[in-house]
Amino acid sequence: MADKLVADKHLRYILNLMAEKKKESFESVVMDHLRMNGAYWGLTTLSLLDKLGSVSEDEVVSWVMTCQHESGGFAGNTGHDPHVLYTLSAVQILALFDKLNILDVEKVSNYIAGLQNEDGSFSGDIWGEVDTRFSYIAICCLSILKCLDKINVKKAVDYIVSCKNLDGGFGCSPGAESHAGQIFCCVGALAITGNLHRVDKDLLGWWLCERQDYESGGLNGRPEKLPDVCYSWWVLSSLIMIDRVHWIEKAKLVKFILDSQDMDNGGISDRPSYTVDIFHTYFGVAGLSLLEYPGVKTIDPAYALPVHVINRILFTK
Amino acid sequence: MHGRPRKASNPEEEAASAAKAVKLRSLQSQFMKNHHDKIYTEEAIELSMKLLEINPEAYTAWNYRKLAVEDSLSRIESDPNLVNSILDEELRVVESALRQNFKSYGAWHHRKWVLSKGHSSIENELKLLDKFQRLDSRNFHAWNYRRFVVELTNRSEQDELHYTDDMINNNFSNYSAWHNRSVLLSSLLAQNADGFMPNERIPDEYDLVHSAIFTDPDDQSGWFYHLWLLDQTLNVETPLLTSSWPSHGSTINLSGAGCLNGSSSKFTTFCSESGSFPLILYFDQAVGGVSSSTVTIDSELKGNEDLVWEPISYKNSQVSCVWVTHLKYVSSDPCEYKVKIRVGNSPGIVSSRGHNFRAPYEFVFTAHVHDTVKDSQEGIVSWTDGFDIWDAKSMDLNSLITLDQLQAEIDFKWRQEAIDSEVECFGILSDSKIGNLTLARLLMAREAMLSDDAVKGVRYEEILQLYNDLMALDSSHYQYYKDEHSVAFLHKVTSSSESLSRHLFRYRGMNNLVCLRLNNLSLSRIASVEKLLFVQMLDLSHNELRSTEGLEAMQLLSCLNLSHNKIRSFSALDSLRHVKQLKVLDVSDNHIGKHSVDTTRYLCSSPLSNSEWSQDDVGRQNPGLVTKYWDAYFVLRDLKLKQLDIAGNEISGNEFSSFVLQVVPKLVWLDGQKLGN
């Protein structure tokens, strides 16, 4: 049983992942296409542990820029096609390093704005998959770039609200089942656009607080599913944005996250004694940040970037 | 990335993995070359299939296949057999990819893309879906795909409802099926489709969901469905007026900014420098369209044509439960005026779900305008001295407005019967959490439907006890039950004039303001505000409040005491920005500045939530402090406070105090000290 966050071990775990390795595992090659996401998860974790200086900013930034397409969107890795998923991660990474100024903001924002559909929804790329995840991405990204007026915000918000379910949660499209990941996206998008009054906070708050497993203290993503560290972010940040986080037992959740660490090799897994990965390492640390764990910087629950980064960007006129 | 037990790697496994990795790398780089060079030969296409079979998440390969299909289609001159065989192959590739990972977004989207080209039979797709449902009945990709297919083929909602019947009868622990049922049923009910009248259907659904809840009370699958049924039972679609200020049959005293000539009156006194008083309408749900044409005012008070009505809500919103306008009066014309308000004079008041306000509702009050006699004193307001007990028997609590309108509903009876029946059923589950919680909710619902004051208030003890039991039974959710307890407690306090009057006082120091004392009651949540619109001074000190959510409707509030609560930041006080009368605010001895996480960060209008920010001198001269104390800055600059107490918070200190003085230049008293100029 773990009683503390082994930050140094996690630091080493992340730095190893980011460095070029001669020996590649099958697991890492199979995730090649989402390296941009992986970089965002790793770098944001470093930033929360106040260790962003451990990586070479120039190396990271120049690699990020090689992933930009002529359309303005970013790919998951060099050579892949552009998609909003990786465009947001790229912009978030640049924000971490305070390097948004190297972007051709017009180009990136036009790429995203061009993906808004008639009904206010967003496609992920030119192939037309629609999902509220992409609504969140568009709104989050354009807000960071201060270009939110390039899209029809009212229609975007109305589309998101049309995905609200009778249990107070949100799904990926109208009529789709509530899921903590989608809820984070919808609540986050509504938060960023100043529309949280369109959320039934008490109804959703109760649905969210019932994600906590009595035994382990972990959170699941929807009813009758297993707890998973990544929901420490999706559920927790949603609860915080609607001011209902006091409805869960925080100490028990801290314990669940700490118990999911690999105390020897670093990294955090989906639940205790399972395989670690960068995804769960980030969500575990981000969750601890939201739980005010000492030694972890505060993360913004809507933009999923450190608060000092977001305040710096949005409070500068 | 999920569900793999941790084990130490051994060299054999590592070597095998490395070999697989090399193969995959080679496949990937060959594929990339084909993609960038736009090579769509049979060989190249097959290579992409091999890649997707190993890694269905390689999204660029799905894009490539779409391009390859479009390229092939452009060459075959629309021979339907050839088209079909090309598209069939795509469906086969998707199926094989889904076998690898049936949660692959890329695979499911590719299938939709193929189908939108007008291909494949519905039986095939539904068969495929049945296969996946059997593997995992909670696979939301499959359910979403089912919805997509249903829409393409115009399958009826009734048929799909039967499908959920089958799924639920097979296994009640299928939240996905209950969810889909709720979507279909609410649509059928809204259409008033044949056989879908709420008064018949809802009781049947209660029976159905009982099977889920009573078989295994710990299984959450039916909980939220039951809560939805309760909402359908309670909530009338047509918006209703809940309360108003001034209320029907009341008398109010109006004067200028000075003190009234005469001793304490039993009516509410409102003094205004601007010569206007608020008229507040509180609806049971958010509505839009309240204006001078939909709400008419009939009175001899001059200068009140074309009044502007404002929704009390977040900046973006055109809808609200609470609407306010301001009626002018001239204190040099002392007189008694009858004022008649007609809400819904013409159609236009509409709920956010598109339902019109019920037939016009009229109410009348008397405004007694007085002469101003003395100059107003700007003494410090005390929360401990200068109070008289106040007999509120003349107060009309307006609890009957909604009820009158509700009872006029034709189908009020089935609602009461349904609640009574549920109360009886759930009395049995008294040792389970969901049993107690549902019973508490049902009893609260029943209270709202009772009109007899004598009976009302009696069952609140039972409700409060249930929440106390739940705090012990399910301690992880202690704070949730605590909040519900506070709500029930406040409903009890405001359930009759008699119980409310025990908390009502008059403050001599400010024209006998009506003061409500709700201190030292362990309140963690504010409620019943619709019954408290007349309150001008509110003492909520020594409680457990985290925010002022709900207080925005209290448009008459001029003094508020929140000392010794659990307020963590100024952002938690955002709702007070709507309370334009507020002059005196005490937030001393709270937790402001103590926590690094701000849980009301996005519930406060600011640039973080893309609210317009008009720069002022303070912002220009102190950008660092504005960022550091952003929420105090945005909240305080919208208030016109004369008296503020902030001591006893971690944020307190010279730096913060001097910042406050810049943001609120007209402040007269800070932490009990008179400010010199």
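Student: Are Asp474(B) and Lys433(B) buried or exposed?

Tutor: In this predicted model, both Asp474(B) and Lys433(B) are buried.

Student: What do their side chains do there?

Tutor: The side chains of Asp474(B) and Lys433(B) form a salt bridge, with N to O at 3.1 Å. This pair joins distant parts of the chain, 41 residues apart. Asp474(B) sits in the loop between helix H15 (460–473) and helix H16 (478–493) of chain B, and Lys433(B) belongs to helix H14 (residues 433–449) of chain B.

Student: How many salt bridges are there over all chains?

Tutor: A search of the whole structure gives 50 salt bridges over all chains. One of them is between Arg312(A) and Asp98(A), at 3.1 Å from N to O.

Student: Why does a spacing of three or four places matter in a helix?

Tutor: An α-helix has 3.6 residues a turn, so residues three or four places apart point the same way.

Student: What about the burial of Arg201(B) and Glu205(B)?

Tutor: Arg201(B) counts as buried because its relative accessibility, 18%, is under the 20% limit. Glu205(B) is also buried, with 2% relative accessibility.

Student: Changing topic: how many residues does each chain put into the contact between A and B?

Tutor: Chain B contributes 88 residues and chain A contributes 97 residues. The area buried between the two chains is about 8,000 Å², and carbon and sulfur atoms give 54% of that area.

Student: How many salt bridges and polar contacts are there between the chains?

Tutor: Between chain B and chain A there are nine salt bridges. There are also 54 residue pairs in polar contact, with both residues at pLDDT 80 or more.

Student: Which part of chain B gives the largest share of its side of the contact?

Tutor: That is helix H1 (residues 11–36) of chain B, which supplies 11 residues. By kind, the residues on the side of chain B that touches chain A divide into 32 nonpolar, 33 polar and 23 charged.

Student: Which residue of chain B meets Glu292(A) in a salt bridge?

Tutor: Arg568(B) does: its side chain and that of Glu292(A) form a salt bridge of 3.5 Å, N to O.

Student: How buried is helix H10 of chain A?

Tutor: Helix H10 (residues 201–209) of chain A is largely enclosed by the rest of the structure, because seven of its nine residues are buried. Among the buried residues are Trp206(A), Trp207(A) and Leu208(A).

Student: What do the buried residues of H10(A) pack against?

Tutor: In chain A, they pack against helix H9 (180–192) and helix H11 (231–241). In chain B, they pack against helix H9 (175–190), helix H11 (223–234), H14 and H16.

Student: Where is Arg415(B), and is it buried or exposed?

Tutor: Arg415(B) lies in helix H13 (residues 412–426) of chain B. It counts as buried, at 7% relative accessibility. A polar atom of its side chain lies 2.9 Å from the backbone oxygen of Thr233(B).

Student: One more: where is Asn356(B), and what does it touch?

Tutor: Asn356(B) is in the loop between strand E10 (350–351) and strand E11 (361–369) of chain B. Leaving aside residues up to four places away in sequence, Asn356(B) touches Thr238(B), Pro239(B), Ile349(B) and Val350(B). At 44% relative accessibility, Asn356(B) is partly exposed.

Student: What scores does the model have?

Tutor: The model scores ipTM 0.96 and pTM 0.96. For chain B, the mean pLDDT is 89, and 93% of its residues reach 70 or more.

How values were computed. Residues are numbered from 1 along each chain as its sequence is written. Chains are lettered from A and ligands numbered from 1 in the order in which they are written. Side-chain values use heavy atoms; hydrogens and water are left out. Contact means heavy atoms within 4.5 Å. Buried area is the accessible area (1.4 Å probe) that two parts lose on being put together, summed over both. A salt bridge is a side-chain nitrogen of Lys or Arg within 4 Å of a carboxyl oxygen of Asp or Glu. A polar contact is a pair of N or O atoms within 3.5 Å; within protein, one must be able to donate a hydrogen and the other to accept it, and residues adjacent in sequence count only if both atoms are side-chain atoms. Helices (H or I, at least four residues) and strands (E, at least two) are DSSP runs, numbered from the N terminus. Ala, Val, Leu, Ile, Met, Phe, Trp, Tyr, Cys and Pro count as nonpolar, Asp, Glu, Lys and Arg as charged, and the others, Gly among them, as polar. pLDDT is the predictor's confidence in each residue, from 0 to 100. Buried means under 20% relative accessible area, exposed over 50%, partly exposed in between (1.4 Å probe, protein chains only).
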